[in-house]
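Hi,

Here is the structure I promised to pass on to you.

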Amino acid sequence: MGTSQQRVQATAVSGHLPVRGIYVSGWVAGSKHRLDRLIQLVDKTDLNAMVIDVKNDYGQLTYHSSLPVVKAIGADRHVAISDIKGLLHKLKAKNIYVIGRIVTFKDPLYAKKHPAMALQKRGGGVWRDAQGKAWLDPFQQQVRTYNTAIAEEAAAIGFDEVQFDYVRFPDNGSKVDREVSYHNTQGRSKPQIISSFLREARGPIHAKGARVSADVFGLVTSSTNDMGIGQSWRGVSGAVDVISPMTYPSHYSTGMYGVKQPDLSPYAIIRHALTDAQHRNAVMRSGNASTAAIRPWLQSFTARWVHPHQTYGAEQVNKQVQAARDLGIREFLLWSSNCKYDYHS
C-alpha cells in the first residue's frame, strides 16, 4: 500500500511528495509505545508525515532547548521528548516528513513570566480569555522574536517544516477589541501584523532548510475579512509555503454553504471550503501574488458536543480526503487531540 519504499520512490520521482500527515502531541511522541503504533499506521497506509508539538498550548517546549530566552523562563523544564534528535532520526529513517507545530500567540507561560508582553486590559492588568488563559500581544516585537527563535531552532534541529498554529488574535474579536489595549505603536491592522510576522519568520526558517506553514480557521477560506482575529486568506497565503485551514465539519454552523447539518455532511463541507480556498489563491495569482499550497486539516475526531453529530471513523475521514482529492488537492493533515486515528488509505 503506502510502504516506506514506495514513499522513497515517489519522492524521487516528484521531488516533493504530497504531505499526508497526522497530529502527534509531544507526550505521544515521547512515548515509545504510542509512537511506534502511529509509525505502524503510517507504514500500512499512504500517510507519510507527522505534525509534532514543538511549543504546546501551555507555552512549554517539548524538548530541551539551547535558547537562553527559553531557559530563562523554564519553558523547557518539563520536556515530553527526552531525545529530540534521536526521535527525528528514527522518523526520517522511516521516510516520515516531520513538521514542528508551534502554538504561537496563545502562550500562558510566557505571559506569566513576561506580563507586559501579554494582551492588556484597557483598565490595566493582563487580559484573559473565557478559559482564563492569557495571550501574547502580536504587536510586541519581543513576542514575535521569541516565536521566530523557537522556529529557527526547530528548523536547525532537523524538522522539515515549521507550522505556526494560533498565529492569530483571540476569537470573538470585536469583544476583545473593546476590552484590550493593544501595544500598536505603528498603527498597523491585525492582518498586517500577522502577515508581517510570518514573512519575518520565513527567511530565517528557510535559511535553516525548512519550509513554513500556518494554520488558519476553516472559515478563513470563505470570509471576506480577517474575522477579527487577524487571519485573512490573502495575508497568510502570501506569507508562507503552505496554508492549512482547519476545515472540521463539526465547527461549521447550521446552514453554512447551504448545508443543514455540517457534521453529518463531511464531503460537502470540505468541497465548499476548499473550492473557496482555491478561488482565493486563483484571484491572488491573477494579480501576480505568490500563494501557499493548500493542505487542509481534516476532522479525525467525534464532536460529541454537536447535535446532531456522527462518529468520525475511517469512512467519514475518507469522505473528507475524497472531497479534497476531487478538487486536485492531494495533501491533508488529520487532527485528533488524543492522537488516535481510524484511517485506511
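**Helix α7**

Helix α7 has these buried residues: V143, R144, Y146, N147, T148, A149, I150, A151, E153, A154, A155 and I157. Please keep in mind that this is a predicted model. With 12 of its 17 residues buried, α7 is mostly covered. Just after α7 comes G158, which takes a positive phi of about 135 degrees.

**Strand β7 and its partners**

Strand β7 covers residues 211–217 and is also mostly covered, as 5 of its 7 residues are buried. Which strands does β7 pair with? One is β5 (residues 161–165), in the parallel sense over 4 bridges. Here E161 stands opposite R211 of β7. Another is β8 (residues 242–246), again in the parallel sense, over 5 bridges. In that pairing, D215 stands opposite S244 of β8.

Is K94 buried, partly exposed or exposed? Its relative accessible area is 30%; buried would need under 20% and exposed over 50%, so K94 counts as partly exposed. K94 and I39 are 55 residues apart in sequence, while their C-alpha atoms are 8.3 Å apart in space.

Happy to hear what you make of it.

Best wishes

Conventions
Residues numbered from 1 in each chain as written. Predicted model: local features only at pLDDT ≥ 70, side-chain atom pairs only at ≥ 80, totals over all residues. Heavy atoms only, no water. Buried < 20%, exposed > 50% of the residue type's maximum accessible area, 1.4 Å probe, protein only. Helix = DSSP H or I, 4+ residues; strand = E, 2+ residues; numbered from the N terminus. Pairing = 2+ DSSP bridges.
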